[in-house]
Amino acid sequence: MPRPLRSRMICLGIETSCDETSVGVWRPGHGPRDVVHSQIPMHAVFGGVVPELASREHLRQLDALVQTVVRDENLGLHEVDMIAVTRGPGLLGALLVGIAYAKSLALALEIPIVGVNHLHAHLLACEFVEPIEYPALGLLVSGGHTHLYWMQSSLDFELVGRTLDDAAGEAFDKIAKILNLPYPGGKYIDVLAEEGRADPRLFTRPYLNNSNCDFSFSGLKTAVAQYVASHDLPRIDYADFRVDAVPAPIKDLCASVNLTIVQTLLEKSRRALVAHPQARTLCVAGGVAANSMVRREFSRFATLHGLKFLVPDQNYCGDNGAMIAYTGQRIAARGLASALDFEAIPRGKHVPNDYIVNPFFKE
Ligand code: KG4
Ligand code: ZN
């Protein structure tokens with residue numbers, strides 16, 4: 001017989017949507033906790049994530065990570081009140097590994113399970129810093145998504161803008177590849193851009209000649225490819241990459257790319273704010289929220305518009321189990337859970353909010 005669930009509960013969070021296996025714990029009065037096993041070195045040799053390898057690696061790592069996090073937190077598995085797991089969007093095979101594991105554990109421990117929207121979880125990780133004051137505007141910038149949300153509560157996210165093709169992170173990574181930078185290239189462009197001089201007129205800020213809040217970054221990638229093909233730029237040695245060895249013209253190019261992407265994100269966020277002037281908080285999250293210029297410029301933008309600005313610490317911008325545990329706990333604290341037959345949602349498909357009332361929840 002399942003035990004009653006309290007609103008102050010210990011939640012284990014499992015994240016396997018892409019190339020990081022992570023398990024986190026959320027419990028009241030403690031900060032975010034998790035362990036992450038990154039698969040990046042494994043995929044880097046292929047220049048991108050290989051889905052089948054990702055699934056197999058999640059399967060190899062997951063159980064050991066659960067044991068580690070539980071031990072590190074001085075918890076017994078029997079003390080865990082609920083399980084949260086990334087439901088999507090992500091790589092289908094990779095998601096299935098985490099979901100099958102999480103469902104089995106929930107069944108064995110007789111505790112509820114919550115399937116979490118990975119994108120919402122990124123934004124709710126802003127609450128690791130301070131509470132979000134709703135309503136809020138949320139910019140989610142990750143490797144696979146660039147979404148603008150109108151957020152009315154931790155469960156009520158309305159999409160007001162999205163990328164039509166490449167996401168901002170994808171643009172960073174593809175452009176980095178053109179420049180022969182290591183994978184994933186976003187953080188390398190960031191570091192090099194900080195040392196370069198941007199030319200704001202070098203690249204057109206993409207997809208602004210409209211009145212919407214959507215994004216399209218694939219044209220920028222093409223523009224950079226054309227620029228590189230038509231200029232005699234020094235070649236970077238990928239195998240022996242060192243920031244101080246990168247020639248100034250490449251640093252300047254990175255600075256121009258970085259500026260173009262950030263200015264585009266700012267302009268579309270400005271439009272979303274015009275459409276939703278009641279916003280009290282601006283949240284920026286996802287892998288690209290680790291970018292130095294994104295953090296600086298969005299902080300300035302929020303101040304200018306009188307908004308509270310929240311961005312997770314850099315180590316919580318990427319994929320992590322703590323944000324999944326936290327989001328699951330927020331959903332469960334409303335007396336909701338997932339039915340045990342919930343399915344994985346691959347990238348490009350809508351993740352439904354089809355929670356059910358948890359009959360064992362006690363306020
Ligand atoms: O959220 P995330 O860890 O994974 C997904 O859910 O996709 O985001 C990964 C993305 C990659 O495209 C990576 O290059 C980008 O975030 N990224 C950055 C930086 N750090 C990670 N992009 C720009 N500047 C950074 N400092
Ligand atoms: Zn992510």
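Trainee: By class, which residues make up the shell around ligand 1?
Mentor: The shell around ligand 1 has four nonpolar, eleven polar and four charged residues. Here Ala, Val, Leu, Ile, Met, Phe, Trp, Tyr, Cys and Pro count as nonpolar, Asp, Glu, Lys and Arg as charged, and the others, Gly among them, as polar. Please note that this is a predicted model, in which local features need pLDDT of at least 70, side-chain atom pairs count only at pLDDT 80 or more, and totals for chains, interfaces and linings use all residues. Residues are numbered from 1 along each chain as its sequence is written, chains are lettered from A and ligands numbered from 1 in the order in which they are written, and side-chain values use heavy atoms, with hydrogens and water left out.

Trainee: Which residues are the closest to ligand 1?
Mentor: Gly143, Asp173, Asp190, Gly287 and Asn291 are the closest of the 19 residues that surround ligand 1, where a residue is near if one of its heavy atoms lies within 4 Å.

Trainee: What lies 2.6 Å from an oxygen atom of ligand 1?
Mentor: That is a polar side-chain atom of Asp173; a polar contact is a pair of N or O atoms within 3.5 Å.

Trainee: How much of ligand 1 does the protein bury?
Mentor: The protein buries 85% of the 550 Å² that ligand 1 exposes when taken alone, by the Shrake-Rupley method with a 1.4 Å probe.

Trainee: Which elements give two or more residues to that shell?
Mentor: They are helix H4 (118-124), helix H5 (168-178) and helix H6 (186-195). Helices (H or I, at least four residues) and strands (E, at least two) are DSSP runs, numbered from the N terminus.

Trainee: Turning to strands, in which sense do E7 and E8 pair?
Mentor: Strand E7 (residues 146-153) and strand E8 (residues 156-162) pair in the antiparallel sense over six bridges; pairing requires that DSSP finds at least two bridges. The two strands form a hairpin with two residues between them, and His147 stands opposite Arg162 in E8.

Trainee: Where is the cis bond from Gly88 to Pro89, and what is its omega?
Mentor: Its omega is near -5°, and Pro89 is found in the loop between strand E4 (82-88) and helix H3 (92-109). The bond from Tyr134 to Pro135 is also cis, with omega near 0°.

Technical notes
Polar contact = N/O pair within 3.5 Å; in protein donor to acceptor, adjacent residues only side chain to side chain.
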